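Work through each task before reading its solution.

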Amino acid sequence: MEVKDRERAIRMGIRRCEIAIEKVERLEIGSKITQSCTRTLLKLLHSEHSFLSSSFSSHHHHHVPLSLNIGHLEAVIHILHKPFVTGVSRVCKTIPLSSSASETTANSTRVHVDIVCILNKNPVWVIVSDRNPKYISWLQTHKSTGLKSRIQQLLVSAKSSPFMKPTSIILFFSHGLCDTVLDKLHSEFGASDFRFEVDFCEELDGDWVNVFPNSYKNATVLQIAVEYTESNPALAAQVVVKDLVFDPAALALKEHIKVNVDDDTSFSSLISGIQLWIVKDLDVEFAKLMDLSGEYDLINFDTTALIALVSGISNGCAEKLLATPETEMRQRFKGNFEFVIAQVMSEIQNPIHGELAGVISGKRGIICESVHSEFKELISLCGGPNEKIRADAIMKRLMVVPDRPSERMMGLPTTRKLALKNKIVFGTGDRWHAPTLTANMAFVRAVSQTGMSLSTIQHRPRALTGD
């Protein structure tokens with residue numbers, strides 16, 4: 001490579017790193033991706049940037065081989081920006097194999113996974129390759145372990161993990177695949193084409209529109225299903241669903257679903273956006289209802305979410321509480337005084353109903369039996385008359401489902417940070433492929449630290465005020 005061409009390539013690589021860093025910083029931390037994942041990506045990108053910068057400044061830079069990592073990282077970031085990719089818990093990391101799994105895969109103890117996430121409501125592992133197709137070998141060579149061996153390792157690792165349990169492995173080849181390798185993936189692993197809706201261009205600023213040499217228009221994306229044996233026979237049990245299913249033609253006659261609050265309130269507007277459950281029969285097999293869950297756009301409410309919806313702070317009492325003398329407030333809320341005041345100030349600056357409306361509008365809501373019981377008890381003990389009316393109204397828009405957490409959630413160890421009651425709540429949402437609306441970010445962080453992907457939506461906490 002000519003010196004000028006090499007200098008141009010290094011400059012281009014440096015600029016690509018800078019743009020990739022900007023794209024990572026624009027990722028929504030929380031329901032989309034954990035802060036730990038963004039730190040990992042930024043560390044890799046800054047390392048790449050430093051390497052290229054030092055190569056360029058060195059008098060001997062024309063002897064230094066060009067890095068091949070930026071193209072791979074760009075492809076990972078490209079996938080992370082897709083709206084249907086959520087709950088990213090791990091990026092560009094290795095995953096340990098169990099002892100039995102490592103014996104099956106030629107004594108390897110770890111496998112590399114580029115993205116652990118929720119994709120289209122299902123937990124998946126994503127593997128990214130930015131290699132030239134002619135250098136992707138099917139069988140092991142002296143330079144490569146071979147694609148076949150790597151996929152075998154991934155499948156064994158997926159099946160041996162008690163809590164990650166991806167439903168499939170997504171293979172993203174930025175530059176496509178040769179026909180021979182593609183045919184092998186189809187025939188030996190049952191791989192199917194996966195529509196990833198790749199972009200054919202990048203939106204960049206100024207004169208850098210063409211800075212990315214790869215638009216992914218030649219990308220090949222495949223999906224390999226991971227088969228598991230269902231070990232929870234209770235899933236198929238007959239369950240009676242009560243007071244949850246309504247005939248749309250008779251809604252106007254159903255007094256018990258009317259919202260007994262002023263129709264002009266933000267609360268009335270908010271919960272009217274929740275879709276009602278429509279099923280012909282009141283007695284439904286839970287397993288059959290679960291089969292339909294993928295067709296619905298669901299939200300799993302935990303107790304913190306329900307309290308945030310009905311709290312007096314969220315429903316017009318913020319200014320009144322702020323005007324109350326401090327001595328009275330401290331006597332009323334005891335040790336929670338600062339906590340309540342912080343919520344009041346947060347509500348005045350940014351009302352929570354407006355924030356949540358965009359999250360739950362048009363979706364169907366579920367709560368598990370544990371949340372139902374806990375919420376009823378809290379409302380009974382701490383709720384004021386208006387909070388109780390709002391609680392009654394919201395409960396008539398939601399379906400109470402049995403406590404049936406997913407096996408992968410129950411595969412997590414029960415610890416102080418991973419309490420059983422939270423595993424039941426979030427795990428039930430996981431089984432229903434429904435993100436859990438929650439303010440319990442301590443539990444969400446604890447789950448992400450295990451590497452397990454989990455679909456959640458964060459909201460700001462609110463307390464019952466006795467309104």
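**Exercise 1.** Determine how helix H11 (residues 326–333) and helix H12 (residues 337–349) are oriented to each other.

*Solution.* The model is a predicted one.
Step 1: the axes of H11 and H12 come within 9 Å, and their crossing angle is roughly 115°.
Step 2: angles of 65 to 115 degrees count as roughly perpendicular, so H11 is roughly perpendicular to H12.
Step 3: H11 contributes Glu 326, Met 329, Arg 330 and Phe 333 to the contact, while H12 contributes Phe 337, Glu 338, Val 340 and Ile 341.
Step 4: sorted by class, the residues of this contact comprise 5 nonpolar, no polar and 3 charged.

**Exercise 2.** Carry out the analysis for helix H9 (residues 303–310) and helix H15 (residues 385–395).

*Solution.* 
Step 1: the two axes come within 9 Å and cross at roughly 125°.
Step 2: H9 and H15 are therefore oblique to each other.
Step 3: the crossing of H9 with H15 is right-handed.
Step 4: on H9 the contact involves Leu 306, Leu 309 and Val 310, and on H15 it involves Glu 387, Arg 390, Ala 391 and Ile 394.
Step 5: this contact holds 5 nonpolar, no polar and 2 charged residues.

**Exercise 3.** How many disulfides does the structure hold?

*Solution.* 
Step 1: a disulfide requires cysteine sulfur atoms within 2.5 Å.
Step 2: for Cys 92, the closest cysteine sulfur, in Cys 37, lies 9.2 Å away, too far for a bond.
Step 3: Cys 117 is in no disulfide either, its nearest cysteine sulfur being that of Cys 37 at 9.9 Å.
Step 4: the structure holds 0 disulfides.
Step 5: as to accessibility, Cys 92 counts as buried at 15%, and Cys 117 counts as buried at 0%.

Technical notes
Residues numbered from 1 in each chain as written. Predicted model: local features only at pLDDT ≥ 70, side-chain atom pairs only at ≥ 80, totals over all residues. Heavy atoms only, no water. Axes fitted to C-alpha atoms, helices over the stretch in contact; angles between N-to-C directions. Helix = DSSP H or I, 4+ residues; strand = E, 2+ residues; numbered from the N terminus. Parallel < 35°, antiparallel > 145°, perpendicular 65-115°, else oblique. Contact = heavy atoms within 4.5 Å. Nonpolar A, V, L, I, M, F, W, Y, C, P; charged D, E, K, R; others polar. Buried < 20%, exposed > 50% of the residue type's maximum accessible area, 1.4 Å probe, protein only. Left-handed = near helix turned anticlockwise from the far one by under 90°.
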